[in-house]
Amino acid sequence: MTDATSIARLQDKMLAAFHHLAAKEVDELLRAAASSAVEKGFTYMRHGGIVQAINLMLVPSFVTGAQAEYLTKVSLAVKRSVEALYRAWFTNPALSTLLPFNETEEEWIRGLRRESPASEPLWYRLDGHFHMKDALWKDRISFFEINSCAVGGIHYSPTADSLFMDSILPVLRGHLPRLPQLRKNPDLREMLRELVVRHSSALGRKAHTLAFVEDSTLTEGITEGLYIVDYLQSSGLNAVLVDPRELYMKDGEIYFRDTVIDVVYRNFELSDLMEIDAAGDDVSAVKRAFQENRV
């Protein structure tokens with residue numbers, strides 16, 4: 001059986017199981033899923049600060065182990081290319097047309113980069129598409145965005161997996177024939193924690209204290225920051241959720257209140273930071289974090 005065939009059959013089994021449920025059972029399942037979504041932070045803040053549950057697909061998309069392995073190899077190849085391009089941009093003028101920053105942006109970027117004993121920790125999500133049920137799926141993979149800051153999904157992805165596996169799948173099991181082994185995706189929150197510890201250690205900083213920095217004045221967008229910080233704290237990492245305006249310099253160190261910050265995760269674009277700076281707010285601590293390769 002091919003990857004494409006096995007996925008198609010699995011989704012057909014899921015759909016057939018839903019047909020065995022009474023309408024009342026489906027309604028109860030949807031209400032329970034929405035309630036769990038709010039409880040677990042699977043939410044989005046609409047315009048005006050209204051927080052709502054994200055609707056979860058009751059029948060998710062699946063990939064096989066072989067597909068996941070192949071996608072990993074392709075993604076790592078793209079990752080190496082992205083990192084090589086980024087680092088070469090600073091010394092190769094011919095690459096300026098590939099990364100066409102305006103004059104002000106380029107001035108900021110060049111002013112924020114300094115030599116460091118550790119490589120810059122580049123954390124990003126590759127947005128792509130492929131037809132997992134297509135027999136020729138390997139030939140039809142396409143990437144359309146390198147989402148390299150304010151990366152969404154760090155909390156949403158493992159939470160969606162848990163909502164399906166813990167809340168929805170148990171309801172369906174009584175109507176499903178024997179299923180193949182289903183596994184959750186790797187937990188991106190744990191991957192982020194490991195990256196923070198590894199990078200702060202490479203810089204000689206032992207406390208590994210992370211400031212997850214995002215603009216607290218926004219009234220629309222993803223709500224992941226608080227839940228990511230909660231997870232990191234529960235896993236033993238020192239982590240705080242802060243606004244970029246709340247960081248300050250003292251005695252050569254970056255502080256939030258009375259806490260020394262080792263590493264910064266920026267949940268904003270550089271243009272956002274430039275706008276905050278232009279408005280007259282102090283972002284010197286964030287600039288220092290960039291210059292010391294701590295972002």
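Guide: Let us begin with a turn. In the hairpin of β8 and β9, two residues lie between the strands, and Asp251 takes a positive phi near 55 degrees. This is a predicted model, in which local features need pLDDT of at least 70 and side-chain atom pairs count only at pLDDT 80 or more, while totals for chains, interfaces and linings use all residues. Residues are numbered from 1 along each chain as its sequence is written, and side-chain values use heavy atoms, with hydrogens and water left out.

Visitor: What holds strands of a sheet together?

Guide: Strands of a sheet pair through backbone hydrogen bonds, either parallel or antiparallel. By the convention used here, two strands pair if DSSP finds at least two bridges between them. Strand β8 (residues 247-250) and strand β9 (residues 253-256) run antiparallel and are joined by four bridges. Leu247 stands opposite Phe256 in β9.

Visitor: Which residue stands opposite Phe256 in β10?

Guide: That residue is Thr259. Strand β10 (residues 259-260) runs antiparallel to β9, with two bridges joining them. These two strands also form a hairpin with two residues between them, and Arg257 in the turn has a positive phi of about 55 degrees.

Visitor: What is the strand order in the open sheet of three strands?

Guide: The order is β2-β1-β6, with antiparallel pairing. β2 (50-53) and β6 (221-222) stand at the edges with a single partner strand each, so one side of each is left without a neighbour in the sheet. Strand β1 (residues 43-46) pairs with β6 over two bridges in the antiparallel sense. Within that pairing, Ile222 in β6 is the bridge partner of Tyr44.

Visitor: How many helices and strands are there in the chain?

Guide: The chain has nine helices and 11 strands. Helices (H or I, at least four residues) and strands (E, at least two) are DSSP runs, numbered from the N terminus.

Visitor: How should I read burial and contacts for the chain as a whole?

Guide: A residue is buried at under 20% relative accessible area, exposed at over 50%, and partly exposed in between (1.4 Å probe, protein chains only). Of the 295 residues, 39% count as buried. A contact means heavy atoms within 4.5 Å. Among contacts between residues at least 6 apart in sequence, 72% join residues at least 24 apart. The C-alpha atoms fill a box of roughly 65 × 40 × 35 Å, taken along the principal axes.
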